[in-house]
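Here is a friendly note to read alongside the model. Please keep the sequence and the 3D view open as you go through the points.

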Amino acid sequence: TIIDLETALREVSNLLRVALGADKCEVILSEKFGQLSELGFPTTIARLAIDQRSAVVIPDLSAAQPDPGLGKSALLLRIRSVLCVPIMSGEEIAGLIYVYKTRPLARPFDQRDLQLAVAISHQAALTIQRTRLLKRIRQEQRVRGLLQRFFAAPDAEIFLQDYLQTGRLPELSEQTLTVLFTDICDSTGLAERLGAWRFSKILSRYYQDMTGAVFEQGGLVNKY
């Protein structure tokens with residue numbers, strides 16, 4: 001039900017940390033993989049999960065170190081048990097669920113913990129996809145609204161499609177144009193005689209008619 005991605009992932013992290021009795025848990029998006037060390041997570045274990053595209057669970061890091069590199073960074077963080085699950089969005093890795101325990105007497109992660117983390121990773125993938133889709137839709141609506149203020153509808157749609165493909169708005173180009181400056185005769189006196197409410201109705205109709213006329217000629221409105 002949460003549409004803000006950071007808030008949603010923070011909720012997932014907190015709930016999973018409590019459910020697994022972990023000391024540290026975080027859902028790390030793929031764009032933050034380069035910050036793993038800064039976030040307090042051993043990079044070698046994460047790289048193993050990313051490269052294998054499968055979950056990595058090490059119940060007792062002190063008893064089993066399949067790679068010497070695993071022990072070095074984990075030792076500095078006093079990690080005893082670790083669980084790292086990739087969040088898959090289709091064929092792409094959208095993020096990682098990274099959980100570990102540092103307390104000496106803490107129960108090591110087991111197969112049930114792994115199954116829970118994998119199930120949560122599927123839900124997290126759906127959350128990431130949904131929030132990113134909503135963000136794209138909102139951005140598309142903003143750009144469409146901006147373009148439709150200044151361009152005729154067909155032109156606005158063409159520019160919008162270009163923007164969605166390239167991520168850039170139309171570039172400047174040199175053309176021969178006709179520029180029209182227009183005003184309502186004695187608009188100040190008219191506003192004083194009619195009052196703000198009635199005059200605003202006239203302005204609204206004026207803007208609509210002028211915009212329609214300009215758009216019929218394939219023109220654009222700079223400003224009112």
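1. Start with Arg53, which sits in the loop between helix H3 (43–52) and strand S2 (56–58). Helices (H or I, at least four residues) and strands (E, at least two) are DSSP runs, numbered from the N terminus. Arg53 has 44% relative accessibility and counts as partly exposed. Here buried means under 20% relative accessible area, exposed over 50%, and partly exposed in between (1.4 Å probe, protein chains only).

2. Before going on, note that this is a predicted model, where local features need pLDDT of at least 70, side-chain atom pairs count only at pLDDT 80 or more, and totals for chains, interfaces and linings use all residues. Residues are numbered from 1 along each chain as its sequence is written, and side-chain values use heavy atoms, leaving out hydrogens and water.

3. What does Arg53 touch, leaving aside its neighbours within four places in sequence? Arg53 is in contact (heavy atoms within 4.5 Å) with Pro86, Met88, Glu91, Glu92 and Ile93. A polar atom of the Arg53 side chain lies 2.5 Å from the backbone oxygen of Glu91.

4. Next, the inside. A nonpolar core is a set of buried Ala, Val, Leu, Ile, Met, Phe, Trp, Tyr and Cys residues joined through side-chain atoms within 4.5 Å. The largest one has 21 residues, of which Leu83, Ile87, Ile97, Val99 and Ile128 touch the most other members. Helix H1 (5–20), strand S1 (24–29), strand S3 (81–89), strand S4 (92–101) and helix H5 (111–150) each supply at least two residues of this core. A second, separate core of 18 residues includes Ile28, Leu36, Cys84 and Tyr98.

5. Asp113 is worth a look too: this residue is in helix H5 and is buried, with a relative accessible area of 7%. The Asp113 side chain reaches the backbone nitrogen of Asp110 at 3.0 Å. Leaving aside neighbours within four places in sequence, Asp113 is in contact with Leu20, Leu83, Arg107 and Pro108.

6. Finally, the rings. The structure holds 3 aromatic pairs; rings of Phe, Tyr and Trp (its six-membered ring) pair if their centres lie within 6.5 Å, with planes under 30 degrees apart counted as stacked, over 60 as edge-to-face and the rest as tilted. Phe41 and Tyr98 form a tilted pair, 4.6 Å centre to centre with 35 degrees between the planes. Phe41 lies in the loop between helix H2 (36–39) and H3 and Tyr98 in strand S4, so the pair ties together parts that are 57 residues apart in sequence. Both Phe41 and Tyr98 are buried.

Notes:
A polar contact is a pair of N or O atoms within 3.5 Å; within protein, one must be able to donate a hydrogen and the other to accept it, and residues adjacent in sequence count only if both atoms are side-chain atoms.
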